[in-house]
Amino acid sequence: MGQRLGKLMTWEYQHGTWRSMRPEDALKLEEGFCRDAKGSVRVECGRRAYTVDFAEMTQTNCHTGKVRKIRRVPFVVDKKVVYFIRHGQSEANAVASGGSIPDPALTELGRCQAAALRPETEKWCVGAVYVSPLLRTLQTACLAFSDAVPLEVSRCAREHGWSEPQNRGAPPEELRERLEAAPGVQAERLQGLGKLRRPHKFWDPAGERQLGRRELRHRRREASEFLKCKIQTSAHDALACVCHYRVIKKISGVGASNAEVVRCTLTWDAAGKCTLLDAEKLALPAAAEEALRGGGGPCDAPPAPARAPSALPALPPNLDSDMEEVSRQDLLPAADDPYSGSSSAGEAEEVGRGGGLGAGCCGGGSAGSEPRSDVDRPRSASVLVVGRSAHCGGAPAVLLGGVKVKRSNGSVAFCDFGGGLDGGSGGRRHAAEERARPALGAFRELVEELLGMHGPTARDVAGKLAQGAEVVGGRPIPHRGHLLYVCTAGSILAQVGAAADPSESAIDQLAGLFQPSSEVACVTLVPIDELLRGAATACVSPAAPVWGSWSRHGRARPFSFEACLALEQAQDQPGASLVVQTKDGPCTVSPASLQLQGPGEDGKERSVFRWDVVQLREALVGGEGSLATLREPLLRWASEC
């Protein structure tokens, strides 16, 4: 909103009470207000158009003439610094099949790792510490923090995968006995331990055995949101949370090994929406590094499993003892997962866990790099096309597809091209092949959604792309059970059999090859720096505004990319009109009056929209979105391409 203009301001309108405008609408008003604080601006909101008068601070509905008051107000932000600490090495981390160990305790090495953090935690001056109710995190908190820091047991900080014995928890009496028997732990320090005696939707070790995965997943998602609310409503500006791999990964987008610390800065706007400003993995103190290596001294123990370098991803990460305890089922999408098995652009699973970002992400490589474990094979994948675009002034850009947003008023959101590895129209046989080689499924989705191919033709072209397309970094990037292939436009254009035009960049040519479908309505080009800036607000300014018309049912029907470019050029020419091919046939569009005349559904004139700011799909944005994972590889490629 106004934050992108360097001003922490937003806009509200009066409808009984004062209500916040949508981020994209507030951004348009803020831009117009900054240009002329006493002028007026026309704003299109879905099917409706409004004239906003900044001198009178009113908005007038262009169709009904109804006038409402508006106001410009500060963009209210609650800001918290949170230190997320992953527990030390547990008994489940120390063995290959630790997932079946009920509520495992820390190993001797894990206790050393936790104790080595105490000198660091004393420097943070946190006001409170939230602790997961599992034994390994309770032990870690008691060892890592001094007696002066209050430790509050928080059921909502429990690790994901509640169906697993290691994450289900122990009965309260057994838990207290084990805590009292653990060396260096004082159970009386743990505030709220008594509330674990009462069943709760976030904590019910006995009752959860009878619940299905869908209900457990629903409760876990509620717990994740409640943890953010708990942090927001805290009276302290600096907090700590001792929890688990996937809890940290979900909020920060950063994976943490045993006893590692991720410092996050979180903000909340006036509507209560949480935004991750930054996340940084802190350097471990020397004592903790020695403990991680299993060094000598009183805590001498067998060496911890070797960790991969932080810059290299696993494909996807294996279920080894260095990562969090992940069940087979939690790597697969639940039946109620909105992304599982669907076939639309920009799919990103809200399950599993991703690895780190790839090193050397500007090198070329084949798309054939595949997962090494049957357990860890993803269920969805997508392709993000990158290249230098003449329409972006020669700057590095990405090609995005516009998909119709369900349960909305005919709006369109933009994202990459991809979906479930379900074989498309090929059935189970091809689905099994795609899960074994995700590149085939990712490029099949690209070919279907961008080029309009289907069936054997789409699979043949996808096979060529899987072998010949240049993947940035040489391998896909894991993101929460989803694989992201960042591919150069030139290598894709060379494989699809299209005639190359030396006078036009490859990514611009791909945009011109787009064929609309039931899944993807249009394409646009967005500069990479603009895309990454928009990851926080979910709104970006494309290289060329998106033009289209409204159907009689109020649904957006965007025009082709070439038509958008032509209409943009003709906009300033008085009386100019262009013939545009639409779903109903050729229509005449007047860019100056924003009207369309043609065969149409009922032969009537229709209004035309022009979006100079477009919405990004939810799966891409925020601290948990795929753009947070892609940020470093995209910046590295853009600087070296």
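Two strands are taken to pair if DSSP finds at least two bridges between them. In this predicted model, strand β1, comprising residues 9–15, and strand β2, comprising residues 17–20, run antiparallel and are joined by four bridges. Within this pairing, Q14 has W18 of β2 as its bridge partner. The two strands form a hairpin with one residue between them, and G16, which lies in the turn, has a positive phi of about 80°.

A further sheet is built from seven strands; this sheet is open, its pairing is mixed, and its strands follow the order β10-β9-β8-β11-β7-β12-β13. In general, the strands of a sheet pair through backbone hydrogen bonds, in either a parallel or an antiparallel manner. The parallel manner is found for β8 (residues 128–131) and β9 (residues 151–153), which are joined by three bridges, and here V131 stands opposite V153 of β9. Helix α7, formed by residues 213–232, packs on the sheet, where it touches β7 (78–86), β8, β9, β11, β12 (261–268) and β13, and the direction of α7 makes about 125° with that of β7. Helix α4, formed by residues 135–144, lies across β8, β9, β10 and β11 (238–243), and runs at about 135° to β11.

Helix α4 also packs with helix α2 (residues 108–116), the two axes being 7 Å apart and the angle between the helices about 40°. Since angles under 35 degrees would count as roughly parallel, this value makes α2 oblique to α4. The crossing in which α2 passes α4 is right-handed. On the α2 side the contact is made by R111, A114 and A115, which meet Q139, T140, L143 and A144 of α4. Classified by residue type, this contact of α2 with α4 contains four nonpolar, two polar and one charged residues.

Side chains of opposite charge can pair when their charged atoms come close. The structure holds 20 salt bridges, one of which is formed by D147 with R189, with the closest N and O atoms 3.4 Å apart. This pair links distant parts of the chain, since D147 belongs to the loop between α4 and β9 whereas R189 belongs to the loop between α6 (172–181) and β10, and the two residues are 42 residues apart.

Another helix pair is formed by α11 (residues 438–451) and α12 (residues 455–468), whose axes come within 8 Å and cross at roughly 125°. This angle makes α11 oblique to α12, and α11 passes α12 in a right-handed crossing. From α11, the residues A439, L440, F443, R444, L446, V447 and E448 take part in the contact, and they meet A458, R459, V461, A462, G463, L465 and A466 in α12. The residues of this contact of α11 with α12 divide into ten that are nonpolar, one that is polar and three that are charged.

Note on methods:
Residues numbered from 1 in each chain as written. Predicted model: local features only at pLDDT ≥ 70, side-chain atom pairs only at ≥ 80, totals over all residues. Heavy atoms only, no water. Contact = heavy atoms within 4.5 Å. Axes fitted to C-alpha atoms, helices over the stretch in contact; angles between N-to-C directions. Parallel < 35°, antiparallel > 145°, perpendicular 65-115°, else oblique. Left-handed = near helix turned anticlockwise from the far one by under 90°. Nonpolar A, V, L, I, M, F, W, Y, C, P; charged D, E, K, R; others polar. Salt bridge = Lys/Arg side-chain N within 4 Å of Asp/Glu carboxyl O.
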